[in-house]
Amino acid sequence: KICGWVLGLIGDASDVEPLQKTLAAETDELARAYFINALACLGDASARTMLGKNLTSNDPAVRTYSAEFAGYSRAIEFRPQLIKMLDDDNVDTRVRAAQSLVMMSQPPKSYRIEKAK
């Protein structure tokens, strides 16, 4: 899961196919969310749609990390959902939704960490 998270932040196009294969084989909802979030950050359109669906998951951890990665992936189409999430029962979900809304209110810039050369 953590490798998926990291690849979403420092990966590139060459990581998309391996992440897609890993996602296809994964059955755990939270692990799937990690790979979906990473793929959304790397520009995968279907993962971006799945990230949006995960914002309404029954699992607070899935909602939380999806809210966070909505900001990293600049998924501004989910802004209305993130605003609703400011009233989520889970405090961490509320905080991550707020964080993403703040990120989206700023001029676009790269949140990706550059690879060491």
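Helices (H or I, at least four residues) are DSSP runs, numbered from the N terminus. The model is predicted: local features need pLDDT of at least 70, side-chain atom pairs count only at pLDDT 80 or more, and totals for chains, interfaces and linings use all residues. Residues are numbered from 1 along each chain as its sequence is written, and side-chain values use heavy atoms, with hydrogens and water left out.

**Exercise 1. Locate Arg96, state whether Arg96 is buried or exposed, and list its contacts.**

Step 1. Arg96 belongs to helix α7, which spans residues 91–105.

Step 2. Buried means under 20% relative accessible area, exposed over 50%, and partly exposed in between (1.4 Å probe, protein chains only). The relative accessibility of Arg96 is 17%, so Arg96 counts as buried.

Step 3. Contact means heavy atoms within 4.5 Å. With neighbours within four places in sequence left aside, Arg96 is in contact with Trp5, Thr64, Tyr65, Ala67 and Glu68.

**Exercise 2. Describe how helix α1 and helix α3 are arranged, and which residues meet.**

Step 1. Two packed helices are described by the angle between their axes and the distance between the axes. Axes are lines fitted to C-alpha atoms, for helices over the stretch in contact, and angles run from 0 to 180 degrees between N-to-C directions.

Step 2. The axes of α1 (residues 2–10) and α3 (residues 29–41) come within 8 Å and cross at roughly 10°. Angles under 35 degrees count as roughly parallel, over 145 as roughly antiparallel, 65 to 115 as roughly perpendicular and the rest as oblique. Helices α1 and α3 are therefore roughly parallel to each other.

Step 3. From α1, the residues Ile2, Gly4, Trp5 and Gly8 meet Tyr34, Phe35, Ala38 and Cys41 of α3. These contact residues comprise six nonpolar, two polar and no charged. In this division, Ala, Val, Leu, Ile, Met, Phe, Trp, Tyr, Cys and Pro count as nonpolar, Asp, Glu, Lys and Arg as charged, and the others, Gly among them, as polar.

**Exercise 3. Classify the ring pairs that Trp5 forms with Tyr34 and with Tyr65.**

Step 1. Rings of Phe, Tyr and Trp (its six-membered ring) pair if their centres lie within 6.5 Å; planes under 30 degrees apart count as stacked, over 60 as edge-to-face and the rest as tilted. The whole structure contains five aromatic pairs.

Step 2. For Trp5 and Tyr34, the centres are 5.5 Å apart and the planes stand at 55°, so the pair is tilted. Trp5 lies in α1 and Tyr34 in α3, so this pair ties together parts that are 29 residues apart in sequence. Both Trp5 and Tyr34 are buried.

Step 3. For Trp5 and Tyr65, the centres are 5.2 Å apart and the planes stand at 70°, so the pair is edge-to-face. Trp5 lies in α1 and Tyr65 in helix α5 (residues 60–72), so this pair ties together parts that are 60 residues apart in sequence. Tyr65 is buried, with a relative accessible area of 18%.

Step 4. Trp5, Tyr34, Tyr65, Phe69 and Tyr72 form one aromatic cluster.

Technical notes. Helices (H or I, at least four residues) and strands (E, at least two) are DSSP runs, numbered from the N terminus.
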